[in-house]
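Notebook open, structure loaded. I want to go from the whole chain down to a few single residues.

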Amino acid sequence: MSFLGLGSSRSHKTFRAKKGSPSCTKGVQLKRHIDATLGSGNLREAVKLPPGEDLNEWFAVNIVDFFNQVNILYATVTEFCTSATCPKMSAGPKYEYRWADGVTIKKPISVSAPKYVEYLMDWIEAQLENQAIFPQILGVPFPPNFEDVVRTILRRLFRVYAHIYHSHFQKIMSLKEERHLNTCFKHFVLFTSEFGLIDKCELAALQDIVDSILQG
């Protein structure tokens with residue numbers, strides 16, 4: 001499976017070109033399944049593992065989808081999410097998210113929201129392009145810790161949703177993008193809930209919305 005993208009736009013560090021999979025791979029077949037089931041409007045059905053498919057392959061294709069969705073959503077507010085307006089990566093007054101990648105930044109540091117998102121998108125791209133983590137050839141096994149990587153990526157993408165909802169929802173509404181945001185987040189929540197990929201304590205900043213989605 002190839003997760004190499006269409007090239008990254010560095011004109012704005014926090015926005016990347018969409019990533020995809022070549023047409024000859026299992027990945028694109030699963031992507032078509034996602035698109036078809038999402039198109040039916042049944043998000044609960046769309047997140048389920050298709051019969052007979054490999055769970056790690058399913059995780060991998062969906063990770064690329066969620067990366068693209070959050071990337072595009074955040075791009076709609078980059079003009080308003082600056083180091084001046086959002087000096088900390090937060091989700092309301094109770095929650096601040098600090099950045100560490102465990103390699104170049106080992107101790108979590110407080111950064112502005114746009115800097116956090118920049119760090120995050122760079123880090124996720126590095127994971128997607130690392131063939132030892134996201135194999136690009138069908139049949140090559142995923143690493144033993146693959147689910148841990150998936151969990152970390154999704155937990156951090158949730159933080160971008162949390163920041164958008166808490167700090168930029170009024171702007172999203174003025175742009176008439178709230179329906180798209182809500183649909184993307186619902187898809188994200190249903191997927192992570194289906195496979196238990198984010199601990200409940202990590203969802204606290206948007207718990208009311210999460211509960212509404214899961215009970216709906």
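I start with a term I need for the contact count: two residues are in contact when they have heavy atoms within 4.5 Å. With that in hand, I looked up how far along the chain the contacts reach. Among contacts in the protein chain with a separation of 6 or more, 69% are between residues 24 or more positions apart. I also note here that this is a predicted model.

**Entry: overall make-up**

I looked up the secondary structure and got 7 helices and 0 strands for the protein chain. Read along the sequence, the pattern is α-α-α-α-α-α-α. The chain has 216 residues, and 46% of them count as buried.

**Entry: α6 against α7**

At what angle do α6 and α7 pack? I get about 75° between helix α6 (residues 178-194) and helix α7 (residues 207-215), with the axes 10 Å apart. Angles of 65 to 115 degrees count as roughly perpendicular, and α6 and α7 are therefore roughly perpendicular to each other.

From α6 I have Phe185, Lys186, Val189, Leu190 and Ser193; they meet Ile209, Val210, Ile213 and Leu214 in α7. By class, the residues of the α6 contact with α7 come to 7 nonpolar, 1 polar and 1 charged.

**Entry: the two sides of α7**

Which residues of α7 are buried? I find Gln207, Val210 and Ile213. Looking down the axis of α7, I see its buried residues fall within an arc of 125°, so they line one face of the helix. I recall the general rule here: an α-helix has 3.6 residues a turn, so residues three or four places apart point the same way.

What covers the buried residues of α7? The cover includes α2 (43-46) and α6. On the face of α7 turned away from the buried side, I find the exposed residues Asp208 and Gln215.

**Entry: aromatics**

I counted rings next: the structure holds 16 aromatic pairs. I picked out Trp99 and Tyr116, whose ring centres are 5.3 Å apart with the planes at 90°, so this pair is edge-to-face. The pair links distant parts of the chain: Trp99 is in the loop between α3 (55-75) and α4 (113-128), while Tyr116 is in helix α4, 17 residues apart.

I stayed with helix α4 and looked at Leu120. Leu120 counts as buried at 0% relative accessibility. Which residues does Leu120 touch, not counting residues up to four places away in sequence? I list Trp99, Arg156, Leu157 and Val160. For Leu120 and Trp99 I have 21 residues in sequence and 8.2 Å in space, C-alpha to C-alpha.

Met121 is in helix α4 as well, and Met121 is buried with a relative accessible area of 0%. Met121 and Ile153 are 32 residues apart in sequence and 9.7 Å apart in space, C-alpha to C-alpha.

Ser110 is in the loop between α3 and α4. At 39% relative accessibility, Ser110 counts as partly exposed. Leaving aside neighbours within four places in sequence, I find Ser110 in contact with Lys88, Glu96 and Arg98. Ser110 and Ala100 are 10 residues apart in sequence and 9.4 Å apart in space, C-alpha to C-alpha.

I checked Lys176 for its backbone: phi is positive, about 60°, although Lys176 is not a glycine. Lys176 is in the loop between α5 (146-174) and α6. Exposed means over 50% relative accessible area, so Lys176 at 71% relative accessibility counts as exposed.

His180 is in helix α6. I have His180 as partly exposed at 37% relative accessibility. How many residues apart along the chain are His180 and Leu73? I get 107, and the C-alpha atoms of His180 and Leu73 are separated by 8.5 Å.

Technical notes
Residues numbered from 1 in each chain as written. Predicted model: local features only at pLDDT ≥ 70, side-chain atom pairs only at ≥ 80, totals over all residues. Heavy atoms only, no water. Axes fitted to C-alpha atoms, helices over the stretch in contact; angles between N-to-C directions. Helix = DSSP H or I, 4+ residues; strand = E, 2+ residues; numbered from the N terminus. Parallel < 35°, antiparallel > 145°, perpendicular 65-115°, else oblique. Nonpolar A, V, L, I, M, F, W, Y, C, P; charged D, E, K, R; others polar. Buried < 20%, exposed > 50% of the residue type's maximum accessible area, 1.4 Å probe, protein only. Arc of directions from axis to C-beta. Phe/Tyr/Trp six-rings, centres within 6.5 Å; stacked < 30°, edge-to-face > 60°.
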